[in-house]
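My entries follow in the order of the look-ups.

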Amino acid sequence: MNNRTVKFIVNTGVIAALYAVLTLLLAPVSFGVVQVRISEALCVLGLFTPSAIPGLTIGCFIANLLGPNGIVDALLGALASLVGALGMYFLRKKMYLAPLVNVVSNGVIIGLMLHYYYGEAIAPAICILLVAFEEAVALYLLGMPLAKVISSRPELLDNLSK
């Protein structure tokens with residue numbers, strides 16, 4: 001295994017662990033229709049490294065599997081994270097537009113899951129809008145400042161490089 005592969009695997013594991021631990025430590029605000037999942041701020045790492053794609057997907061899967069909602073939440077949450085992380089990485093040159101992929105993917109996938117699978121007594125459109133709003137708060141109010149710090153510190157980028 002070459003150094004680049006090792007670095008990718010290590011970065012993936014660190015991102016997954018950070019996401020899962022933050023989500024579970026902050027469980028009261030990480031699950032449910034009304035939430036602001038602080039760990040979603042880490043989605044901006046997709047602006048800097050492709051290892052964020054599997055890292056965020058795996059981290060979300062683990063956090064949701066260990067959280068209160070079980071396997072369906074783990075699978076659909078991981079799917080929403082995968083779509084969002086891919087979008088973030090492919091739109092990385094458009095820093096302020098890129099998070100919208102996460103906002104939309106989480107809003108639609110998680111919003112519909114909450115309504116149809118978990119039976120939230122809120123209209124599907126309202127579930128989608130609530131989750132999308134909460135995602136936007138996490139990404140734009142927490143994630144974008146994190147992205148600016150990472151951008152301004154070259155040594156951090158070296159550690160997250162491709």
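I take helices as DSSP runs of H or I with at least four residues, and strands as E runs of at least two, numbered from the N terminus. The model is predicted, with local features needing pLDDT of at least 70 and side-chain atom pairs pLDDT 80 or more, while totals for chains, interfaces and linings use all residues. Residues are numbered from 1 along each chain as its sequence is written, and side-chain values use heavy atoms, without hydrogens and water.

Entry: cavity. I used a 1 Å grid over the protein atoms alone, where a cavity is a set of points at which a 1.4 Å probe fits but cannot get out, and lining residues have an atom within 4 Å of a point. Grid points are joined across faces, edges and corners, and a volume is the space filled by probe spheres set on the points. I found one cavity of 30 Å³ or more. The largest cavity holds about 210 Å³. Its lining has 21 residues, and Ser30, Gln35, Arg37, Asn106 and Ile110 lie nearest the centre.

The largest share, four residues, comes from α5. By type I noted eight nonpolar, eight polar and five charged lining residues. Here Ala, Val, Leu, Ile, Met, Phe, Trp, Tyr, Cys and Pro count as nonpolar, Asp, Glu, Lys and Arg as charged, and the others, Gly among them, as polar.

Entry: patch. I looked up a nonpolar surface patch of about 660 Å², made by Met1, Val6, Phe8, Ile9, Val10, Val14 and Leu18. Patch residues have over 30% relative accessible area and no salt bridge, and nonpolar side chains (Val, Leu, Ile, Met, Phe, Trp, Tyr) are joined within 5 Å, like charges within 9 Å. A salt bridge puts a side-chain nitrogen of Lys or Arg within 4 Å of a carboxyl oxygen of Asp or Glu.

Entry: helix α1 (residues 3-25), which holds Val14. I class residues as buried under 20% relative accessible area, exposed over 50% and partly exposed in between (1.4 Å probe, protein chains only). Val14 is partly exposed because its relative accessibility is 45%. Asn11 is also in α1 and is buried at 11%. Its C-alpha lies 9.4 Å from that of Pro50, 39 residues apart along the chain. Thr12, in α1, is buried at 9%.

Entry: Lys148. I placed Lys148 in helix α6, partly exposed at 46%.

Notes:
Accessible areas come from the Shrake-Rupley method with a 1.4 Å probe; for residues, only the protein chains shown count as cover. On a 1 Å grid over the protein atoms alone, a cavity is a set of points where a 1.4 Å probe fits but cannot get out, and a pocket is an open set with protein on both sides within 12 Å along at least five of seven lines; lining residues have an atom within 4 Å of a point.
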